[in-house]
Amino acid sequence: MDIRTVGVVGAGQMGNGIAHVFALAGFDVTMTDISQDALTASVEKIAQNLDRQVGRAKLTEAERDAAMARISTTPTLTDLGKLDLIIEAATEKEVVKHAIFAELLPHLGPQTILTSNTSSISITRLASQTDRPERFMGFHFMNPVPVMQLVELIRGIATDSATYDALEAVVAKLGKTSASAEDFPAFIVNRILMPMINEAIYTLYEGVGSVKSIDTSLKLGANHPMGPLELADFIGLDTCLAIMNVLHDGLADTKYRPCPLLTKYVEAGWLGRKTDRGFYDYRGEFPVPTR
């Protein structure tokens with residue numbers, strides 16, 4: 001399977017990061033999104049990030065220009081159909097992902113591999129609604145994609161070895177490291193990370209510590225680069241809640257019950273950095289704890 005052309009569905013934070021690393025590695029990348037404004041902003045963000053890499057002498061100007069030339073956009077999802085590899089990086093809602101794959105199906109080439117960047121949803125279930133479950137995988141990048149070295153590769157129950165081997169080779173070409181995860185709720189990273197974040201929110205909810213004291217304790221006491229509440233804001237509280245719900249529903253264990261305070265923040269629309277308020281308020285010069 002010689003993968004040369006890549007489609008990215010979704011021009012958000014994950015989508016633009018995925019397009020960035022693929023273009024830099026020599027793949028031709030086409031991005032699509034329901035919002036033309038999101039596509040325009042995504043290309044601008046990629047250009048800014050590549051410029052930053054040039055400024056730090058991580059790239060040459062020629063490498064930056066070549067990468068930007070490999071990126072194109074389209075508002076029409078079905079334009080991606082004939083590409084070698086499609087990476088769905090839309091919102092973490094299963095109904096949305098099913099709708100994307102259903103629209104793509106009649107337009108796919110026989111060689112096309114379908115993947116999802118989902119951080120928690122069943123790959124087997126997503127694949128079962130397509131015409132190629134053997135050529136469907138979980139392809140989970142970490143955020144921010146250009147910086148983080150890990151990619152989780154998740155086989156569905158029907159994924160064949162050729163598909164897995166092809167994506168393992170792609171990860172190597174990107175200069176990243178792959179980890180094989182079985183198709184169980186939240187896979188490896190989020191199966192471990194999200195309950196820790198949820199427990200930090202319970203610690204806040206129960207009054208054991210403030211936002212500042214909890215984050216300071218984990219940064220200095222466990223040598224974490226970010227505190228768990230700061231990290232939750234970075235990830236997005238709606239995404240954290242969605243993953244906890246997948247864990248709770250999929251494993252039927254009360255230890256994965258989302259903290260009511262997390263639910264309350266999401267109901268308020270305080271989703272973290274992307275809305276300027278979460279466990280911190282980002283509207284001023286410096287982040288200020290909201291509790």
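Glu 267 counts as exposed, at 59% relative accessibility (buried means under 20% relative accessible area, exposed over 50%, partly exposed in between, with a 1.4 Å probe and protein chains only). Lys 264 is likewise exposed, at 52%. The two side chains meet in a salt bridge, 3.6 Å from N to O (a side-chain nitrogen of Lys or Arg within 4 Å of a carboxyl oxygen of Asp or Glu). Both residues lie in helix H11 (residues 260–268), three residues apart, about one turn of the helix; helices are DSSP runs (H or I, at least four residues), numbered from the N terminus.

## Basis of the values

This is a predicted model, in which local features need pLDDT of at least 70 and side-chain atom pairs count only at pLDDT 80 or more, while totals for chains, interfaces and linings use all residues. Residues are numbered from 1 along each chain as its sequence is written, and side-chain values use heavy atoms, leaving out hydrogens and water.

## Other salt bridges

The whole structure holds eleven salt bridges. One of them joins Asp 51 and Arg 64 at 3.1 Å, N to O. This pair links distant parts of the chain, with Asp 51 in helix H2 and Arg 64 in helix H3, 13 residues apart. Asp 51 is partly exposed at 39%, whereas Arg 64 is buried at 18%.

Glu 88 and Lys 97 form another salt bridge, their closest N and O atoms being 2.5 Å apart. Glu 88 is buried, with a relative accessible area of 0%, and Lys 97 is buried at 1%.

Technical notes:
Helices (H or I, at least four residues) and strands (E, at least two) are DSSP runs, numbered from the N terminus.
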